[in-house]
Amino acid sequence: MKPGRSAVQRWTQRSARDSAGRARSPPPLRVEMKCIVGIGGMTNGGKTTLTNNLLKVLPNCCVIHQDDFFKPQDQIAVGEDGFKQWDVLESLDMEAMLSTVQAWMSNPRKFARAHGVSVQPDALDTHILILEGFLLYSYKPLVDLYSRRYFLTVPYEECKWRRSTRSYTVPDPPGLFDGHVWPMYQKYKQEMEANGVEVVYLDGMKSREELFHQVREDIQNSLLNHS
Ligand SMILES: Nc1ncnc2c1ncn2[C@@H]1O[C@H](COP(=O)(O)OP(=O)(O)O)[C@@H](O)[C@H]1O
Ligand SMILES: NC(=O)c1ccc[n+]([C@@H]2O[C@H](COP(=O)(O)O)[C@@H](O)[C@H]2O)c1
Ligand SMILES: [Mg+2]
């Protein structure tokens, strides 16, 4: 993991003495570490469930859900297949999502406060941002910002079954899964692999608890290695 660091020690020759010439003790060194974690992968792989579990335990942790950036229904193109093309990158306002990520990067404390996340006052200032969604690693401006990219998968039959139990804001019309959702999943995953994007694959058939413990431990180890 390569967290971004910005260690600022504002201790200069000029400020080392007070106005009466007495030596001042240096202010505490504050090391700020920022770390963006992607919880990506296929629809119904368990991304939102895992993310919600991680949010409960990770310190100073904010989240951005890609689903919040779907364009309005009337802006979603209809393909030659007759289906609304929900599962393509163009259906998402990725510029807006990137701006939100940049707001966190420029001031994670302010972002956390604005989103109701309590921030622990600590000399070692670690901030985590989870990005969660089904097309996290296909948008170029975001792809290099991650410290860790997780990718949840389940077999086709399981994915299709789980999807049939979901109710999205716009319900799936008959045939959408096989006609659009699954082919687009395969296309983007192949592109991601062809582009050499490094991901940590997670088996979405494991229990919710097992996935949670696995990923929590992995993130914590990575943070320790870089603190
Ligand atoms: N590890 C798991 N094992 C079995 N079912 C799961 C697991 N994780 C999530 N689910 C279930 O699968 C469905 C999709 O989960 P969700 O977290 O919403 O996936 P995603 O955000 O990837 O679409 C939900 O019904 C959820 O309860
Ligand atoms: N949130 C919405 O407005 C909306 C509308 C239609 C379909 N979807 C579906 O949401 C899926 C992505 O979310 P999940 O990864 O949670 O399943 C996509 O496969 C897409 O087909 C979302
Ligand atoms: Mg989800």
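**View 1. The exposed face of α7 in the predicted model****.** On the face of α7 that is turned away from its buried side lie the exposed residues Glu209, Glu210, Glu217, Asn221, Leu224 and Asn225.

**View 2. The buried side of α7 and the span of this helix****.** The buried residues of α7 are Leu211, Val215, Ile219 and Leu223. They cover an arc of only 90 degrees around the axis, and therefore sit on the same side of α7. In an α-helix there are 3.6 residues a turn, so residues three or four places apart point the same way. The 18 residues of α7 should span 26 Å at 1.5 Å a residue, and this expectation agrees with the end C-alpha atoms, which are 26 Å apart.

**View 3. The surroundings of ligand 1****.** Ligand 1 is surrounded by 14 residues, of which Gly46, Lys47, Thr48, Thr49 and Arg208 are the closest. The elements that contribute two or more residues to this shell are α1 (47-55) and α7 (208-225), and the largest share, three residues, comes from α1. Sorted by class, the shell around ligand 1 holds nine polar and four charged residues, together with one nonpolar residue.

**View 4. The surroundings of ligand 2****.** Around ligand 2 there are 13 residues, and the closest of them are Thr43, Phe70, Trp86, Phe134 and Val170. By class, six residues of the shell around ligand 2 are nonpolar, four are polar and three are charged.

Notes
Residues are numbered from 1 along each chain as its sequence is written. Chains are lettered from A and ligands numbered from 1 in the order in which they are written. This is a predicted model: local features need pLDDT of at least 70, side-chain atom pairs count only at pLDDT 80 or more; totals for chains, interfaces and linings use all residues. A residue is near a molecule or strand if its C-beta atom, placed from the backbone, lies within 6 Å of it. Helices (H or I, at least four residues) and strands (E, at least two) are DSSP runs, numbered from the N terminus. Ala, Val, Leu, Ile, Met, Phe, Trp, Tyr, Cys and Pro count as nonpolar, Asp, Glu, Lys and Arg as charged, and the others, Gly among them, as polar. The expected span of a helix is 1.5 Å times one less than its number of residues. A residue is buried if 20 or more other C-beta atoms lie within 10 Å of its own, exposed if 12 or fewer, and partly exposed in between; C-beta atoms are placed from the backbone. The arc is that of the directions from the helix axis to the C-beta atoms.
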